Amino acid sequence: MSPTFDQMQEARTALDAPLFSGLAGDIDVSFEFFPPKTEKMAQTLWESVQTLAPLGPRFVSVTYGAGGSTRERTHEQVVRINREARIPAAAHLTCVEATREEIDEIARHYWESGIRHVVALRGDPPDGQSHYSPHPGGYANAAELTAGLKAVAPFEISVAAYPEVHPDARDAAADLDNLKRKFDAGATRAITQFFFEPECFFRFRDKAVAAGIDGEIVPGVMPVMSFASVQRMAGLCGTAIPAWMAGLFEGLDEKPAARQLVSATIAAELCRRLYAGGVRQFHFYTLNRAELSYAICHMLGRRPQGDDR
């Protein structure tokens with residue numbers, strides 16, 4: 001898909017003007033958290049929610065452990081965010097280690113608790129298993145799960161997309177076919193796995209359109225808290241780490257403040273280039289820390305809602 005005139009103008013502005021100057025703040029943002037394991041982690045999560053809430057996110061989501069291992073904690077946090085922070089909250093739900101009836105019951109419980117948005121995922125293999133196998137009597141994949149959730153209630157449903165191809169996919173074409181099945185089953189949007197090169201997202205977006213996918217595809221942005229941790233996560237999900245990134249984090253293992261500044265710069269530059277290419281929706285993988293995501297949103301012109309400063 002060729003850039004539009006407006007996108008070309010924006011790209012020219014990005015090159016000609018001081019970095020991040022004059023952005024209109026015309027973006028939509030959402031944030032992802034994981035359920036805390038301890039009281040201290042719960043406090044950190046809630047402080048992050050309160051920090052990011054004034055930015056007026058479209059929604060925040062809370063992840064779901066392999067095999068449903070965080071089911072209760074996920075539910076507790078989603079309901080609390082929805083009720084107390086008054087932000088639309090989405091619960092992750094996977095196919096792993098559960099029958100259709102069990103998943104449908106969880107979904108009904110969410111709906112009765114006021115949750116109207118689910119992030120529907122196939123899920124990772126349970127601990128100790130190297131390959132995913134559908135649970136007997138369960139949903140086989142995210143497309144089936146999406147259709148099943150829609151049969152339970154008229155949920156808003158987000159699904160996953162993989163710009164660099166899901167590790168289990170036969171090839172890129174098969175992966176796009178799977179994404180299209182999820183949209184055809186009723187998905188509202190797709191949120192991508194994290195990536196580090198804007199061209200990766202643009203190529204994927206164009207291929208999705210060519211494959212007949214016209215639903216919203218939102219880039220998932222991962223500010224790097226720890227380069228070693230991101231390397232591990234990237235290896236699991238097939239994300240390429242550019243050669244230049246290792247050099248930027250070299251020597252910063254014992255300098256967390258400097259590492260955070262480098263991380264913010266990398267993620268903000270990625271978002272700025274995505275913005276120049278017409279992207280106006282961003283999903284941030286916060287790892288339960290607000291500062292980096294807040295700073296990037298600020299640089300993109302997003303301010304607390306009602307604050308015109």
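Reader: In which sense do strand β1 and β2 pair, and over how many bridges?
Author: Parallel, over four bridges; β1 covers residues 28-33. Two strands pair if DSSP finds at least two bridges between them. Strands (E, at least two residues) and helices (H or I, at least four residues) are DSSP runs, numbered from the N terminus.

Reader: What kind of model is this?
Author: This is a predicted model, where local features need pLDDT of at least 70 and side-chain atom pairs count only at pLDDT 80 or more, while totals for chains, interfaces and linings use all residues. Residues are numbered from 1 along each chain as its sequence is written, and side-chain values use heavy atoms, with hydrogens and water left out.

Reader: Back to β2. Which residue stands opposite F59?
Author: S30.

Reader: Which residues of β2 are buried?
Author: F59 and S61 on one side, V60 and V62 on the other. Both faces of β2 (residues 59-62) are covered. Buried means under 20% relative accessible area, exposed over 50%, and partly exposed in between (1.4 Å probe, protein chains only).

Reader: Why two sides?
Author: In a regular strand, side chains alternate between the two faces of the sheet.

Reader: How many strands form the sheet, and in what order?
Author: Nine, in an open sheet: β7-β6-β5-β4-β3-β2-β1-β9-β8. The pairing is parallel.

Reader: Over how many bridges does β5 pair with β6?
Author: Four, in the parallel sense. β5 spans residues 156-161 and β6 spans 189-192. A160 has I191 in β6 as its bridge partner.

Reader: Which strands does helix α6 lie across?
Author: β5, β6 and β7. Helix α6 (residues 172-184) runs at about 180 degrees to β5. α7 also lies across β5, β6 and β7, running at about 165 degrees to β7. Axes are lines fitted to C-alpha atoms, for helices over the stretch in contact, and angles run from 0 to 180 degrees between N-to-C directions.

Reader: At what angle does α7 pack with α10?
Author: About 35 degrees, with axes 9 Å apart. α7 is residues 198-210 and α10 is 256-276. The crossing is right-handed. That term means the near helix is turned clockwise from the far one by less than a right angle; anticlockwise is left-handed.

Reader: Which residues meet there?
Author: P198, E199, F201 and F202 in α7 meet L270, R273 and L274 in α10. Contact means heavy atoms within 4.5 Å. Five of the residues are nonpolar, none polar and two charged. Ala, Val, Leu, Ile, Met, Phe, Trp, Tyr, Cys and Pro count as nonpolar, Asp, Glu, Lys and Arg as charged, and the others, Gly among them, as polar.

Reader: What about α10 and α11: what angle?
Author: About 45 degrees, with axes 10 Å apart. α10 and α11 are therefore oblique to each other. Angles under 35 degrees count as roughly parallel, over 145 as roughly antiparallel, 65 to 115 as roughly perpendicular and the rest as oblique.

Reader: And α3 with α4: what angle?
Author: About 20 degrees, with axes 11 Å apart. So α3 is roughly parallel to α4. Their crossing is right-handed.

Reader: New topic. Is A142 buried or exposed?
Author: Buried, at a relative accessible area of 7%. A142 lies in helix α5 (residues 142-152). Leaving aside residues up to four places away in sequence, A142 touches C95, A120, L121, R122 and K182.
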